[in-house]
Each structure stands twice: as structure tokens, then as C-alpha cells.
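Trainee: I am new to this structure and would like a close look at a single part, the strand pairing. Could you walk me through that and then show me what lies around it?

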Amino acid sequence: MNEIRREAVTRYITPLREGGSLPALAEAADGFKYVVKFRGAGHGSKALIAEFIGGEVARALGFRVPELVLLDVDEDFGRTEGDEEIQDLLQASQGLNLGLHFLDGSMTMDPYVNGVDALTASKIVWLDAFLTNVDRTVRNTNMLIFNGELWLIDHGASLMFHHAWSDPAKAALSPFPYIRDHALLSRASMLEQADKEMRQRITPRTLSRIVDALPDEWLHFEGSELSPAQIRDVYRTFLTQRLANSSVFVNAAIEARKNLCGNV
């Protein structure tokens, strides 16, 4: 993976109220605009970890994903913000946050309007089953059309196991039943082929490099005595075990599609 850049947030532009975590459009010191995910929101740094791992896994698998950039928010940032809720969020998010390069002029992908071939749909379903991402539904596809190409965004609802912080090896064997709600499941008629190709594209070594790139600053969980290195090992175990046992979630997705579409 490429080195993740780090920039300072210089200007808060506007909140993006589509999601529950209250992300925002902001400008950084490099002059570019970013959709910023704040560590002071709902699920704290775990949402940033899921966004980081999910986005970089998707990129490693060949999907188009906006550049992820580490963004610093200093203690003075947002003091002039008139909305008290947003000011509280910014104050609680001092330090390191995460931004996705803003795709200006992009449009939300509509699965009923925008064509996606069966193999691409199957690969995206595979990705979300692998990551246990519950947030790519018809109601909220988290896919954009930008310059005529399909881009994937918003993986912060991935890695469901880390909210309960249960046995990662056991969680890795989950069939992920929520795949039944996936926006592209009906088109995903090539899941076995997708599984073969995805497993050729990503390796435990790649997954380990992605996990190693997580900032220490995000790896201090309330109520946990685990060190950042130990927390990384939990994520590494989950991802590598899930990859090794991909047939579990692939077969579950195939069965969910049969229930949705029959044997088509």
C-alpha cells in the first residue's frame, strides 16, 4: 500500500448530515477538500479504523476508493462554529482524524439505473461480506459515479466484531447474514469466480501491512488494557482468518441470493 499522507484541517466548510456520525466537508493545508470522519463521533476511533481498513482493503483489491488522508484537528479549530453540536464534535475530535478526498461532481450510484456487470457486482458483494460491512444497501449504496466510473466510499460500518470485541477468530467464521440486504446481491451471479479472483489479489501479508499502518493514536480503547500492538494483532487475526475461510461467507451470500432471486 502507498504511504498515507498527513495534513492539518484548515477550514470547516459544512456538515454532511446524511449519516449518523456527522461527517463534514473541510479543507486541509494541501488546498484539497475532504470528507472528514471525526473520532469524536458516535463509535469513536473504531469507525475510523473500519474506514481505514475497509478503504485500503478495497483499494488493494482493485476498487476505486478516494484517497484516505490522516487529518489533524487542533484545539482552536471550530471555535467560531455557531452550531453547538458541531462545536462539541470538533472539540471532542482534537488530534488525528480521517479524511476521504472529496470527489467533486460525483453522483450517487443507483443500482436500478446504473449498470454493473455480474462479476463486478459479485466482487463488491465479496468485499462487503469479507469486511462485514452492513452499509451498502439500496437505501444507502455508498457508491458514487465519478467521471463515468464506479467508486466505493464509506466503510465505517465494517468490522462489526470490534464493537463487542468478541473472539476475533470466532467472529472471522461468521457467515454474515446481513449480506441479504446488499444493494448488488441480485446482480452478483458470479460469487465463486469473484472469490477465486479476490483471493488471488490479496494476501495475509497485504492485510498485515494495512493493519500495521493504523495510527497508534486510534488504538487506545476505553475500558481496554490492550496495547496498540495487541489491538493490531486482533484485527490481523480477524482479517487473515476470514480470508482463509472465505467459503463461509461466500456460500452464505450464494444462499442469500438464491432466496432473493431463485436459481437465476
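Mentor: Start with Arg6, which stands opposite Leu70 in E4. This facing pair belongs to the pairing of strand E1 (residues 6-15) with strand E4 (residues 68-73), which is parallel and has three bridges. Please keep in mind that the model is predicted. E1 also pairs with strand E2 (residues 24-28), here in the antiparallel sense and over five bridges. Within that pairing, look for Val9, which stands opposite Ala28 in E2. In general, strands of a sheet pair through backbone hydrogen bonds, and the sense can be parallel or antiparallel.

You will find Ser93 in the loop between helix H2 (84-92) and strand E5 (95-101). Its relative accessibility is 0%, so Ser93 counts as buried. For a sense of scale, the C-alpha atoms of Ser93 and Met190 are separated by 42 Å, and the two residues are 97 apart along the chain.

Now turn to the largest nonpolar core, which has 60 residues; Ile53, Val57, Phe63, Phe130, Leu214, Trp218 and Tyr235 touch the most other members. Helix H3 (residues 118-131) gives the most to this core, with eight residues. Take Tyr235 as your guide: beyond its neighbours within four places in sequence, its contacts include Lys46, Ile53, Phe161, Trp165 and Leu214.

For comparison, there is an open sheet of three strands in the order E6-E7-E8, paired antiparallel. Strand E6 (107-108) and strand E8 (149-152) are at the edges with a single partner strand each, so one side of each has no neighbour in the sheet. Four bridges hold the antiparallel pairing of strand E7 (residues 143-146) with E8, and Ile145 stands opposite Leu150 in E8.

Finally, look at the loop between E6 and H3, where Tyr112 has its place. Tyr112 has 66% relative accessibility and therefore counts as exposed. Together with Val113 and Val138, Tyr112 makes a nonpolar surface patch of about 350 Å².

Definitions and conventions
Residues numbered from 1 in each chain as written. Predicted model: local features only at pLDDT ≥ 70, side-chain atom pairs only at ≥ 80, totals over all residues. Heavy atoms only, no water. Core = buried A, V, L, I, M, F, W, Y, C linked by side-chain atoms within 4.5 Å. Buried < 20%, exposed > 50% of the residue type's maximum accessible area, 1.4 Å probe, protein only. Helix = DSSP H or I, 4+ residues; strand = E, 2+ residues; numbered from the N terminus. Contact = heavy atoms within 4.5 Å. Pairing = 2+ DSSP bridges. Patch = residues over 30% accessible without salt bridge, like charges linked within 9 Å, V, L, I, M, F, W, Y side chains within 5 Å. Areas by Shrake-Rupley, 256 points an atom, 1.4 Å probe, with all protein chains shown as cover. Salt bridge = Lys/Arg side-chain N within 4 Å of Asp/Glu carboxyl O.
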